[in-house]
Amino acid sequence: MSETIVSQDLAALCFDNRFTRHLPADPEPANYRRQVQSACFSRVRPLRVSRPQLVAYAPEVAELLDLDLRTPSSDILAEVFSGNRLLDGMDPFAMCYGGHQFGNWAGQLGDGRAINLGEVLNSRGEHWMLQLKGAGPTPYSRTADGLAVLRSSVREFLCSEAMHHLGVPTTRALTLVLTGDQVLRDMFYDGNPQHEPGAVVCRVARSFTRFGSFQLFSARSDHETLQKLVQHTIRCDFPHLGEPTPEARREWFLEVCRTTAEMVVHWMRVGFVHGVMNTDNMSILGETIDYGPYGWLENFDPDWTPNTTDASGRRYRYGQQPRVAMWNLMQLARALVPVFESVDALQQGIDLFAEHFNQTSANMSLAKLGLSPQSRESDVQLLDDLPGLLQLAEIDMTIFYRRLARLPLSPSRSSEAPDRSGGHPGSDDAVLLEALSDAFYRPEQMNNEKQDRMIYWLRRYRARVAQEQLSDSERRQRMNAVNPEFVLRNYLAQLAIDRAVQNDFGMIRELMEVLRHPYDEQPGKEEFAARRPDWARDRAGCSMLSCSS
Ligand code: AMP
Ligand code: MG
């Protein structure tokens, strides 16, 4: 922990609960499922769990809260972060929101199994909301039980932190606690429910407000509550915009569009597929939120989705994410019309999204190749040809970029012009191809024609790198700063889960440690950067996930 950070005990945490103080509360204190009108939240207490056990925690997230988690006993931590023990100043509540699910308006959804404990005010004046996911039923639980299983909680815990260390905007995860209770789940909705260990993750974010939070009040024509939520959001979550004047509201929407675009560019950069980009799963802060049936691209495939629930329509496939983000922003814009003086400001936001996404995404694609963000005519073709190339032989995207960064391409090595008629690979070309080969899941598919295509591209790339006047090591450095060596490969998360179910939490901790430095080569940890093994190709949990969690 750095010296400037105040590090204190749990009891000293300072809560400043602006959300529950400023916004209209549901007057009904009883916890039963219902439609909640004209309120942003319902007060509710977490369900008591039987034998909470702390499995893992993220020290960096504790630092955000000025919290020293080494002092309290793990029993106390488990009591607090399972929801069994409330601290002074906590004011637990579930948020009321709605959303579009898979393109259809779903009405009221809300925190069905998430219970917010309160907002920690740290020594730097920052507010951080603590939220327990899987902490029991709320008025928003509809027909479900309010609980979460270990498997999905491990996935949420590990991925939140992995994403953060990758530089992707995300909600954070402080703790992972086993509840000691069993939870019944029909993992593949095939009539075979099983008991699974229950768990609770303590999520941390500056705000958990979603696009769907605004949509619900708008859909109900409750413009008063909508207005209050907008004012609160600007004041508390976007304080740099000043008082929520019409101008600040315009700036606010532009910022939401900009940050959402940037978030998706990052997803595309690291090969992350969210899996359920419903509008209730879109944070107003442009952060990745709600880790459910997400997945990581192994072989590059724009049509891939990890979510079996979405297998037929593939609405939320990798390559579709930018378009879905824009569609979601359009729903948010529609919801905000009643509190904006003119729709022009909202239209500007949508236009900004498209423009900002295209620009940022093009620059990111160049950066992944070690090239500077200057537009050259020839770059467009070079970039456009890459997705096709990556699909020639089921090529692992993550490994490909790291191997590409290692290729010796400096001009002194070759004077060859990018000649398509070059025919069969020369010895230099063969070396290049060989150096990329451990990214291939199907090397046998690389016939002569595909080899020629790859070589033609590599020659053009080499020529472009020469124009950039970069040494191989400079290029490698640049590329390795944006192309991770380690991501939370689907099968790795599943292996960690398999062991956790057997009460062995070592792999969760080991993965966490490796994923803390995803851009560094880590001697001894190469296995975590390797291709997905064959056994994991079609295994449940590794390549297919359902929403059941
Ligand atoms: P999701 O798509 O997982 O973000 O969830 C959509 C909605 O269902 C949200 O309102 C969740 O709070 C709710 N939900 C999901 N799982 C459960 C559960 N086990 N119990 C209660 N509500 C749930
Ligand atoms: Mg959700």
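**Entry 1: helix α13**

I looked up what the buried residues of α13 pack against, and found α10 (377–389), α11 (397–406), α12 (427–436) and α14 (472–482). Contact here means heavy atoms within 4.5 Å. Helices (H or I, at least four residues) and strands (E, at least two) are DSSP runs, numbered from the N terminus. The model is a predicted one, in which local features need pLDDT of at least 70 and side-chain atom pairs count only at pLDDT 80 or more, while totals for chains, interfaces and linings use all residues. Residues are numbered from 1 along each chain as its sequence is written, and side-chain values use heavy atoms, with hydrogens and water left out.

I then listed buried residues of α13, among them Lys450, Met454, Trp457, Tyr461, Arg464 and Glu468. Buried means under 20% relative accessible area, exposed over 50%, and partly exposed in between (1.4 Å probe, protein chains only).

I checked the length of α13: its 21 residues reach 30 Å from the first C-alpha to the last, close to the 30 Å expected at 1.5 Å a residue. The expected span of a helix is 1.5 Å times one less than its number of residues.

Glutamate 468 belongs to helix α13 and counts as buried because its relative accessibility is 12%. Beyond its neighbours within four places in sequence, I found glutamate 468 in contact with Gly370, Leu371, Ser372 and Arg478. After α13 comes glutamine 469, with a positive phi near 55°.

**Entry 2: aromatic pairs**

How many aromatic pairs does the structure hold? I noted 17. Rings of Phe, Tyr and Trp (its six-membered ring) pair if their centres lie within 6.5 Å; planes under 30 degrees apart count as stacked, over 60 as edge-to-face and the rest as tilted.

Why is the pair of phenylalanine 353 and phenylalanine 357 stacked? Their ring centres are 6.1 Å apart and their planes stand at 15°, so the pair is stacked. Both residues lie in helix α9 (residues 343–368), four residues apart, or about one turn of the helix. I found phenylalanine 353 buried, and phenylalanine 357 too.

Tryptophan 457 and tyrosine 461 form another stacked pair, with 5.2 Å from centre to centre and 20° between the planes. They are separated by about one helical turn because they are four residues apart in helix α13 (residues 448–468). Tryptophan 457 is buried at a relative accessible area of 0%, and tyrosine 461 is buried with 0%.

I also noted one aromatic cluster formed by Trp267, Phe272, Tyr291, Tyr294 and Trp296.

**Entry 3: charges over rings**

A charge sits over a ring if NZ of Lys or CZ of Arg is within 6 Å of the ring centre and within 35 degrees of the ring normal. The charged end of arginine 155 sits over the ring of tyrosine 294, at 4.0 Å from its centre. Arginine 532 lies over the face of tyrosine 441, 4.3 Å from the ring centre.

**Entry 4: the core and helix α7**

Which residues have the most contacts inside the largest nonpolar core? They are Trp252 and Leu336, in a core of 166 residues. Helix α7 (residues 246–270) gives the largest share of this core, 12 residues. A nonpolar core is a set of buried Ala, Val, Leu, Ile, Met, Phe, Trp, Tyr and Cys residues joined through side-chain atoms within 4.5 Å.

Leaving out neighbours within four places in sequence, I listed contacts of tryptophan 252, including Phe214, Ile234, Leu336 and Phe340.

The 25 residues of α7 should span 36 Å at 1.5 Å a residue, and the end C-alpha atoms are 37 Å apart, which agrees. Just after α7, glycine 271 has a positive phi of about 80°.

Tryptophan 304 is in the loop between β11 (295–296) and α8 (321–336). Its relative accessibility is 17%, so tryptophan 304 counts as buried.

Aspartate 66, in the loop between α2 (59–64) and α3 (74–82), has a positive phi near 60° and is not a glycine. At 3% relative accessibility, aspartate 66 counts as buried.

Is tyrosine 189 buried or exposed? Tyrosine 189 is exposed, with a relative accessible area of 51%. I found tyrosine 189 in the loop between β8 (172–185) and β9 (194–205), with a positive phi near 50°.

Methods
Chains lettered and ligands numbered in written order.
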